[in-house]
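Morning, everyone. Let's take a quick look at a structure and its charged side chains.

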Amino acid sequence: MIIIFSSSKTFLTSNSPFANLQNRKSKTFDERLAEADDEIRATYEQIRASFLCYKKVKERKSKKFVSFRKGRNLLAKVVLRGKSFNVFLALNPDDYAESVYHHKNKGDKKAYELVPMMVRVRSPRSLKKLQRLIDEMLAGEEKTYDFICLPIKVTGIDAAPARAILIEK
């Protein structure tokens, strides 16, 4: 491997296994979700439905994540990383120090100052715990819909992903 140093940049030659990493474009949230399997898409639909069932909660997609807001207040950021979702909530992580929720405090990073509590969603159990946290966070707010979470397990190649069914109140 030959490394060429210039006054402003470092160039890797084509012999290097890392030569293509400099030109690689990072994937957007929608591209990651499109490439994901049906279980991951069903999990996202249930996370999305658990936020949007409340009045005046809006969804906004950006390149790296999806954010949920109520008015100008940021409620959550949802990031897809591999086969799990990292959900950053606008809750104080110190209030949940002795609880069943496995979370991390990410408030020291500038991007997560407003949403410091990170919860990783990998399984149906962690999804139910996240939905309990969302209900605690938005307690006292009016729901426009009740939702029923269908099982996440998807069988067969042609099976459609499980979705959250919204029932109007």
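Start with Asp30 and Lys61: their side chains meet in a salt bridge, 3.2 Å from N to O. Asp30 sits in helix α1 and Lys61 in strand β3, so this pair ties together parts 31 residues apart in sequence. Asp30 is partly exposed, at 42% relative accessibility. Lys61 is partly exposed too, at 44%. Keep in mind that this is a predicted model.

How many salt bridges does a search of the whole structure find? Six.

Here is another one of them. Arg41 and Asp38 meet at 3.0 Å, N to O. They are three residues apart in helix α2, so about one helical turn separates them. Arg41 is partly exposed, at 30%.

Now Arg48 and Glu59. Their salt bridge is 2.9 Å, N to O. Arg48 lies in helix α2 and Glu59 in strand β3, so the pair ties together parts 11 residues apart in sequence. Arg48 is partly exposed at 28%, and Glu59 at 25%.

Stay with α2. The helix has 15 residues, 38-52. At 1.5 Å a residue they should span 21 Å, and the end C-alpha atoms are 21 Å apart, which agrees. Its buried residues include Ile40, Tyr44, Ile47 and Phe51.

Next, α3, residues 124-137. Its 14 residues should span 20 Å, and the end C-alpha atoms are 20 Å apart. Among its buried residues are Leu127, Leu130 and Ile134.

Last, the surface. Lys25, Arg32, Lys63, Lys64, Arg81 and Lys109 form a positive patch. Lys64 lies in the loop between β3 and β4, and is partly exposed at 40%.

Key:
Residues are numbered from 1 along each chain as its sequence is written. This is a predicted model: local features need pLDDT of at least 70, side-chain atom pairs count only at pLDDT 80 or more; totals for chains, interfaces and linings use all residues. Side-chain values use heavy atoms; hydrogens and water are left out. Patches are made of residues with over 30% relative accessible area and no salt bridge: like charges are joined within 9 Å, nonpolar side chains (Val, Leu, Ile, Met, Phe, Trp, Tyr) within 5 Å. Accessible areas come from the Shrake-Rupley method with a 1.4 Å probe; for residues, only the protein chains shown count as cover. A salt bridge is a side-chain nitrogen of Lys or Arg within 4 Å of a carboxyl oxygen of Asp or Glu. Lys and Arg count as positive and Asp and Glu as negative; His and the chain ends are not counted. The place of a charge is taken as NZ of Lys, CZ of Arg, CG of Asp or CD of Glu. Helices (H or I, at least four residues) and strands (E, at least two) are DSSP runs, numbered from the N terminus. Buried means under 20% relative accessible area, exposed over 50%, partly exposed in between (1.4 Å probe, protein chains only). The expected span of a helix is 1.5 Å times one less than its number of residues.
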